[in-house]
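Student: Hey, could you walk me through this structure? I'd like to ask things as they come up.
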There are 2 protein chains.
Amino acid sequence: MPSYQAPLRDIAFVAHELLDLGSHYQQLAGCEALDPATFDAIVEEGAKFAAEQLAPLNAIGDQHGCRWQDGRVSTPPGFAAAFRQFAANGWLGLDKDPQYGGQGLPPSLGFVIHELLCSANHAFSQFPNLTGGATSTISEHADEALRQRFLPALIEGRWSGTMCLTEPHCGSDLGLLRTRAEPQADGSYRISGSKMFISAGEHDLTENIVHLVLARIDGAPAGVKGISLFVVPKIRVEADGSLGAANGVSCGSIEEKMGLHGNPTCVLNFDDACGYLLGEAHRGLNAMFTFINESRLAVAQQAQAHAETAFQGALAYARERLQMRATPRLRPELPADPIIGHADVRRMLLTQKAYAEGGRMLTYACAQQVDRLHHAVTPAARAAAARRLALLTPIAKGILSEAGNEAAQLGIQVFGGHGFIREWGMEQIARDVRITSIYEGTNTIQGLDLLTRKVFADGGEALAELLAEIEDFTRTAAAPAELVRPLLEQVNAWREVSAWLHERSGSDANLVGASAFDYLMLAGYTLLGYLWLRAACQAEQALANGSGEADFYQGKRETARFYLQRLLPRAALHRTLIESGSANLMSIADSAFAR
Amino acid sequence: MPSYQAPLRDIAFVAHELLDLGSHYQQLAGCEALDPATFDAIVEEGAKFAAEQLAPLNAIGDQHGCRWQDGRVSTPPGFAAAFRQFAANGWLGLDKDPQYGGQGLPPSLGFVIHELLCSANHAFSQFPNLTGGATSTISEHADEALRQRFLPALIEGRWSGTMCLTEPHCGSDLGLLRTRAEPQADGSYRISGSKMFISAGEHDLTENIVHLVLARIDGAPAGVKGISLFVVPKIRVEADGSLGAANGVSCGSIEEKMGLHGNPTCVLNFDDACGYLLGEAHRGLNAMFTFINESRLAVAQQAQAHAETAFQGALAYARERLQMRATPRLRPELPADPIIGHADVRRMLLTQKAYAEGGRMLTYACAQQVDRLHHAVTPAARAAAARRLALLTPIAKGILSEAGNEAAQLGIQVFGGHGFIREWGMEQIARDVRITSIYEGTNTIQGLDLLTRKVFADGGEALAELLAEIEDFTRTAAAPAELVRPLLEQVNAWREVSAWLHERSGSDANLVGASAFDYLMLAGYTLLGYLWLRAACQAEQALANGSGEADFYQGKRETARFYLQRLLPRAALHRTLIESGSANLMSIADSAFAR
């Protein structure tokens with residue numbers, strides 16, 4: 001079983017050297033006091049909690065799983081106590097509004113902590129993650145009375161939160177949603193319907209659970225424009241925030257899953273449950289997107305966090321396992337060399353390292369935009385952050401969930417036969433990470449979102465800004481031409497293929513769908529390439545300045561080279577596939593698939 | 001849970017239309033009597049057994065698993081009875097020597113049956129598969145006395161077989177093997193040592209188990225040239241084939257695995273166990289390669305068989321699941337269209353279909369060479385088959401295990417959230433197929449084998465023959481230029497990159513290792529491209545002849561187009577990666593991986 005070690009040195013590299021978060025915080029309203037030393041101290045505390053309290057529960061959660069009995073769900077041994085400790089330490093309020101008990105620190109700090117939680121125990125991390133998402137959504141869209149009623153207990157961790165979208169007949173297509181909301185004289189609603197795939201929908205961690213539920217008010221328009229969002233507590237909450245009677249919410253069952261056994265995936269039945277409208281009627285999907293977007297970035301982090309643990313596990317094994325001779329020989333005194341000496345094992349380890357560290361750069365860069373979205377001083381700066389974040393979110397979710405899966409599979413592969421065996425922990429990573437390319441919108445959905453709503457919808461403005469930034473950096477980058485050239489070519493390809501798609505999609509209704517996944521990957525590989533080039537320049541400079549950490553910076557520089565020469569070329573393949581058009585997908589008759 | 005339907009129409013397409021096995025059998029000694037109608041009748045019987053007897057045990061095997069207690073292993077409910085029925089039906093002797101109870105049918109027929117078993121129940125299929133491998137190895141390398149002693153009961157299915165290579169400290173690197181063999185006065189040996197990862201090493205299906213064990217005779221040379229092969233029964237076997245006392249073989253434990261729970265993976269301890277030398281002393285690895293090569297092709301089939309079931313499951317779901325509108329609308333009367341209408345879902349389904357059917361073409365084409373290896377009339381024809389088969393085996397194992405994994409992951413993806421849920425069966429496929437890129441030599445090992453022993457070792461002769469065959473076909477193929485051109489380009493690329501590697505590998509000791517995996521994939525994608533072009537031509541001809549099965553042949557032709565336009569381009573990416581050289585893998589210091 002691999003023992004998780006928080007990658008504090010690399011976190012510091014990304015936070016301080018690459019993104020200079022210290023200066024960044026100086027420019028944010030209410031965040032000026034967070035200096036790098038305090039930042040590091042908080043991260044170290046989080047790392048300690050993750051490694052000492054959560055990582056030991058990870059395999060237990062997988063093996064024991066959650067149990068459903070008569071509508072009640074028990075979580076694996078240790079989870080409830082760990083959650084109480086987590087809440088008591090104040091982690092749930094880290095970046096939440098001080099008015100309701102939060103500490104008002106910038107969201108990016110919360111992202112760093114979230115990575116640590118996900119690496120240590122993805123299943124556990126879902127409890128605080130969903131609670132945080134519910135908190136944000138209520139903060140942003142509820143009136144003051146609802147905020148007073150629900151936020152303090154969520155931030156304290158006495159209650160947890162969920163996100164209720166999916167119904168048996170509707171996942172990606174929320175327009176088909178059927179759950180009903182019947183207005184009551186007192187301004188509340190009676191919610192009735194059945195939701196499924198509700199993570200942390202029922203459990204024994206908190207005294208109450210606050211469900212954010214999409215439903216249709218009687219008489220609402222059909223489709224997504226008739227959906228409203230409601231706060232529906234498991235146990236009724238009085239106006240003063242105290243607990244009342246049980247509400248009409250019950251957990252019908254939990255799913256048997258491939259992984260993530262430590263977190264219950266619930267069927268929830270709402271039967272005339274009392275709920276409160278959150279935001280405007282019929283604008284519920286809009287409000288829910290606060291939750292959805294936050295969750296999509298959280299999923300990107302979950303996948304990145306799995307890439308990190310898969311890398312840690314595989315690296316440790318590759319240093320220990322002796323098989324065959326390497327060139328040069330590493331341990332001539334032993335009967336064989338550690339497999340880290342073999343080129344193909346290095347290919348796998350470097351892929352994992354490039355994803356784990358590249359994914360960290362990408363998610364923290366997103367987090368920096370989240371900071372600006374909430375704390376930038378000018379409306380223009382907040383709008384710019386919103387635009388960039390909207391563009392980056394599907395890309396980060398798409399590429400990192402694919403990368404996390406690949407890194408996990410490589411973790412198994414480096415271990416050879418032992419990778420297939422439970423006790424080594426690698427196969428659990430592969431099972432747990434699998435859901436990241438599915439939930440919070442499959443990668444098909446992410447690709448469609450990216451192309452239609454993030455690239456085409458604004459006339460390509462947000463994309464043009466990003467590509468200009470990359471080109472500006474790349475043209476003046478203090479890096480060897482062999483690294484700069486492929487990135488510049490790829491940026492150009494991204495621009496060209498976007499225009500090509502925009503031009504043709506009007507006359508080919510299936511072209512966007514046919515290209516969505518490949519476009520998402522092209523964007524993701526290119527974006528990671530940009531970040532790796534920045535990392536390489538940073539490393540080069542540190543080495544030139546005579547850094548005492550030559551190993552760290554050489555590793556960074558060589559991983560950048562690996563990325564740009566061996567992973568970035570995949571972007572060109574995705575362009576080829578996009579340009580192959582939609583006919584090779586659409587020309588086969590539905591009836592001709594089967595035999 | 002998907003219900004498995006044997007793809008009899010496609011099997012007939014590959015067997016009769018593509019490979020013309022009927023004429024092929026006419027040219028093999030002792031196989032002339034097998035006409036297409038008899039072939040089909042036997043396949044149908046096998047399909048019935050697989051679908052009716054084995055498929056229903058697949059999920060049971062996964063959920064129940066095998067149990068170890070006090071050295072005894074019990075298999076999942078139903079496995080023992082199914083094996084007895086399987087044996088009673090004579091399936092184990094299908095292509096085995098009539099002199100020992102077999103039916104002497106050509107091996108290719110056995111391959112077709114094996115695909116059906118693997119699709120229905122991979123875990124179960126390992127019992128007959130290993131028994132068959134042990135039978136072949138004893139047939140080929142043992143003296144007549146040993147054959148008489150062991151073959152009849154193996155062919156009857158009263159005993160089963162295993163393959164004992166791996167030890168705790170040696171998997172890929174068999175030179176490190178330590179198990180000892182001490183010669184006895186009666187010509188037998190005392191075997192002592194510990195083996196691990198022994199599939200079907202202990203179970204309750206048969207009255208005896210025949211272990212083929214690699215061990216070192218006292219005083220043998222170090223490394224792989226001092227390894228011998230032994231027949232070591234679990235229960236001693238008298239000269240007349242009757243059972244004697246227990247032998248010194250015990251099962252110390254079984255592994256908890258990611259998948260394949262229905263087949264026990266055993267630690268076997270040999271403690272002065274009585275064994276018999278199989279073949280020449282110190283030439284054991286050579287003899288074991290009969291077993292290993294047969295197993296590598298079996299693994300290729302397991303993976304292909306999983307691609308088939310993942311495709312069947314995803315296709316059925318994609319026809320049923322209604323989400324969003326497709327262009328054109330498929331079911332305007334319903335609130336949404338079946339997701340098979342969406343381009344990105346079609347991309348996933350076509351990938352699965354291309355792998356399942358392409359893999360079938362590749363494995364049966366290998367099987368045809370196995371037929372020739374054993375039954376061709378002239379020594380020259382047998383030698384040509386051996387040469388071709390040696391080249392194809394690592395390619396088939398490598399590309400199909402990767403393809404099987406990808407198809408399984410796509411199966412989950414098409415199902416969305418349901419793919420992650422156990423009851424739908426897709427996640428079991430992904431867990432079961434995972435081992436195929438690891439066991440019987442990881443794909444790193446396959447790539448090294450391909451480059452060094454199959455391409456470089458004979459001066460490129462076997463490869464040149466294959467490429468010439470592909471080019472000959474392609475130049476005259478009655479297919480559109482848009483399909484022919486990419487394949488011809490890729491064949492040329494394969495030749496060029498082989499020469500490039502051969503030229504440079506002398507001066508760069510790590511280049512072969514750095515290229516092994518990518519070269520394996522380049523070869524695999526190109527080979528599948530050749531087979532898909534052949535299929536396209538066959539389909540085009542059938543359509544031109546006015547076939548009444550327009551759907552079948554259109555599906556075939558369009559899947560070929562999909563393959564050549566959307567999967568074959570990956571080969572070019574692998575060339576780019578090969579040509580990026582070894583420096584981007586080797587330049588990072590070992591110490592610079594960690595942080």
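Predicted model: local features only at pLDDT ≥ 70, side-chain atom pairs only at ≥ 80, totals over all residues.

Student: Okay. By what turn can chain A be laid on chain B?

Tutor: By a turn of 180°, with a shift of 0.0 Å along the axis. The RMSD is 0.0 Å. The two copies are thus related as by a two-fold rotation axis.

Student: And which residue of chain A comes closest to that rotation axis?

Tutor: That's A:Leu573, with its C-alpha at 3.3 Å.

Student: What about the surface they use, how much of it recurs in the other copy?

Tutor: 100% of the contact residues of chain A recur in chain B, so the same surface serves both copies.

Student: How many residues does the contact take?

Tutor: Chain A gives 99 residues and chain B gives 99 residues. The area buried between the two chains is about 8600 Å², and carbon and sulfur atoms give 57% of that area.

Student: Which residues of chain A lose the most area to chain B?

Tutor: A:Phe420, A:Arg566 and A:Arg595. Together they make up 12% of what the chain A side buries.

Student: How many salt bridges are there across the interface?

Tutor: Six, between chain A and chain B. Take B:Arg346 and A:Asp590: their side chains meet in a salt bridge at 2.8 Å, N to O.

Student: And how many residue pairs are in polar contact?

Tutor: The count between the chains is 56 residue pairs.

Student: Which helix of chain A gives the most to the side that touches chain B?

Tutor: Helix 9, residues 343–375, with 10 residues.

Student: Then what's at residues 466–588?

Tutor: A domain that the unreviewed UniProt entry calls "Acetyl-CoA dehydrogenase-like C-terminal". Over residues 466–588, chain A is 84% helix and 0% strand, and the end C-alpha atoms are 38 Å apart.

Student: Now the backbone. Is the peptide bond from A:Thr327 to A:Pro328 cis or trans?

Tutor: Cis, with omega near -5°. Most peptide bonds are trans.

Student: Where is A:Pro328?

Tutor: In the loop between helix 8 (284–320) and helix 9 of chain A.

Student: What about the bond from B:Thr327 to B:Pro328?

Tutor: That one is cis too, with omega near -5°. B:Pro328 is found in the loop between helix 8 (284–320) and helix 9 (343–375) of chain B.

Student: Last one: is the phi of A:Asp272 positive or negative?

Tutor: Positive, about 50°, although A:Asp272 is not a glycine. Most residues other than glycine have a negative phi. You'll find A:Asp272 in strand 11, residues 265–277, of chain A.

Methods
Residues numbered from 1 in each chain as written. Chains lettered and ligands numbered in written order. Heavy atoms only, no water. Least-squares fit on C-alpha atoms with pLDDT ≥ 70 in both. Contact = heavy atoms within 4.5 Å. Buried area = accessible area lost by both parts, 1.4 Å probe. Salt bridge = Lys/Arg side-chain N within 4 Å of Asp/Glu carboxyl O. Polar contact = N/O pair within 3.5 Å; in protein donor to acceptor, adjacent residues only side chain to side chain. Helix = DSSP H or I, 4+ residues; strand = E, 2+ residues; numbered from the N terminus. UniProt positions renumbered as here; feature names shortened; annotations may be inferred.
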